[in-house]
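Q: Could you take me through this model, one feature at a time? I want to learn how to read each one.

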Amino acid sequence: MTLTNLVSFLDDDSQRELDDLNKRINALQERKHALTLEAFQVHTTIRTLQSRAAHITNKTAPVSRLPSDVLAIIFEESRRLLIPWSNIVKRPLSPEVQLSHVSSRWREVALSTPALWTTIRFPILHKEAATMAYLQRCNQAPLNVHIGPRVSDPDLLRFIAAQFVPRLNQIRELTFDTDERQELCALFPLFAEEPALILKRLKICCNDTRGASGVVPRLDIFKAGAPLLSDVRLSALAVGLPPCSATTLHLEPQPGPGNPLSRLAFLDILAPLAATLTTLHLRGFISGFHQEPGSAPVELPALKELLVYGNTLNHGFNVFRNISTPAIRTLSLVNVRRQGLSSIHKFIARISPEHFRHLHTLRYINCDIDDDLDVYLPHATSALTELAVSVKHHTHLLRLLLNSDRQAALHGVPPLWRNLRTLTLHVSKPLDREREDVDSDEEDDPPPTMGLLLEVVQERRAVGKPLDLLQIEGPHARSFYEEFTTLLVKTHEDLHTELFSASLPSSVDVQDAEVDWAFAAHYIGNQYRLFIFKKHQQFVPPPRGLPVMAYPSTQVP
């Protein structure tokens, strides 16, 4: 039976009451709608008034009195901050985007500052829509572009070909960051035939640790040239660089010991840059036990700084049999094993000492130095002004310096390393509190390493060649610095001592901003990979029988 049929059976009084109730309900619903609309209008008015009040209040803040051009400079500096990705659900907003969301004035300043929108990291931070917005807002300013990882998808490759390749002459800094060699093989043809007229910095990184089968073909890029290219950072891959006058070349550790770069491939990379290269850092793995019969080393006449990691020598590569450095001023050796270091010392001291007459800085970081180190090394490097050694690894070198100074004082002759003015100690491990001189009657005797260092300082002063500066660096430098400076005060030694923040050598030929650019790309790429790993771990089902646990997010204080 329907409601209409039920109503038809109501008496007159009930019918009148029902009609009256319906009228009241309709009236209240209309009133509710009117009040809802009025509440929305009141809410909107309140928000508008609050915004206006905040705008007036903000004018009294000191930052609001800054001129727009000064505010723009502050914004640009803030982009240098590298913040960890703490959220495993979504990626962080770039600093320039966050700044543009603070207030209407900040947004106006941010959008009118093209330099804020010149760094594009596709696709890890900026998808297609964001990239298009950045390309519009940069207003033809020079670009810093970071491509990858995970760009092998055909749609992403088409976007790169459509948006980045036509703008190559606007790109100042370019990073290819890939996890697979196939990604590079897909990307490089897009850039192979094009010139890069204003490109200054190029980084090519491949983290593919899988062993390559057969001969790996060389990948060429920018065959039409990159005349301004000055700084190149490469994974240990066979890459054909464009015609250029690069002054800096870094060979990075990737893809790892399972895929060493062949000696000939390395020399093919190096030879076109030989005339202009001033800084060479070798961290990657290079294979090749012997020099090719009849081949001569590549001469680097302008090279001033050479850094060699043990990785480079682990597969039998001999540095100074393959490159010649007649003008070298800084040599840094890091994690080099005893055999490799002996070969380098032999070359410096006996085979070609004339190439090291102008060496000013010699750095040993965590190397295995032989006990039989002799005086031929100081003789071959007589112009040395700075020596860096690792605490406990290189006491033999300090003892050689101390003994040579004692002999010079005994015979009244100038000491070896007569120009040495700066001594740097690298402290990579906590200071060992145990003392070797446990039988000593003197309770205040310093630990052996500090005692040896103090003797070096005193003997240098005794032979009339006092040190000007003692630098202490490394992850555990502070405790050593505090204890040794206390020892200097107790012994009344006046020596300028610094706690140096940089633990490893950095280039002396470029500005800080240019040193940092490659690290920023490396850092953000690694943060993205960690983000993907955590996100994957969050949704991976646990093994049967174990409780479900979400991967915790990383919080930074």
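The dialogue below goes from the whole chain to helix packing, cysteines and backbone geometry.

Q: How many helices and strands does the chain have?
A: Bear in mind that this is a predicted model. The secondary structure comes to 17 helices and 18 strands.

Q: What share of the residues is buried?
A: Buried residues make up 43% of the 557 in the chain. Take contacts between residues at least 6 apart in sequence: 78% of them join residues at least 24 apart.

Q: At what angle do the axes of α14 and α15 cross?
A: Start with the angle between the two axes. Helix α14 covers residues 395-411, and helix α15 covers 448-462. Their axes come within 10 Å and cross at roughly 30°. Angles under 35 degrees count as roughly parallel, so α14 is roughly parallel to α15. The crossing is left-handed.

Q: Which residues make the contact between α14 and α15?
A: From α14, the contact residues include Leu 398, Leu 401, Leu 402 and Ala 409, along with Arg 399, Asp 405 and Arg 406. From α15, they are Leu 452, Glu 455, Val 456, Glu 459 and Arg 460. By class, the residues of this contact divide into six nonpolar, one polar and six charged.

Q: How many disulfides does a search of the whole structure find?
A: A disulfide is a covalent bond between the sulfur atoms of two cysteines. Here the search finds zero.

Q: Where are cis peptide bonds found?
A: Look for omega near 0°. The bond from Phe 122 to Pro 123 is cis. Pro 123 lies in the loop between β1 (119-122) and α6 (128-137). The bond from Gly 148 to Pro 149 is cis too. Pro 149 sits in the loop between β2 (143-147) and α7 (154-163).

Q: What is phi at Arg 150 and at Trp 417?
A: Arg 150 has a positive phi of about 60°, although it is not a glycine. Arg 150 lies in the loop between β2 and α7. Trp 417, also not a glycine, has a positive phi near 50°. Its loop runs between α14 and β16 (422-426).

Q: Are these two residues buried or partly exposed?
A: Arg 150 is partly exposed, at 48% relative accessibility. Trp 417 is buried, at 2%.

Conventions:
Residues numbered from 1 in each chain as written. Predicted model: local features only at pLDDT ≥ 70, side-chain atom pairs only at ≥ 80, totals over all residues. Heavy atoms only, no water. Axes fitted to C-alpha atoms, helices over the stretch in contact; angles between N-to-C directions. Helix = DSSP H or I, 4+ residues; strand = E, 2+ residues; numbered from the N terminus. Parallel < 35°, antiparallel > 145°, perpendicular 65-115°, else oblique. Left-handed = near helix turned anticlockwise from the far one by under 90°. Contact = heavy atoms within 4.5 Å. Nonpolar A, V, L, I, M, F, W, Y, C, P; charged D, E, K, R; others polar. Disulfide = S-S within 2.5 Å. Buried < 20%, exposed > 50% of the residue type's maximum accessible area, 1.4 Å probe, protein only.
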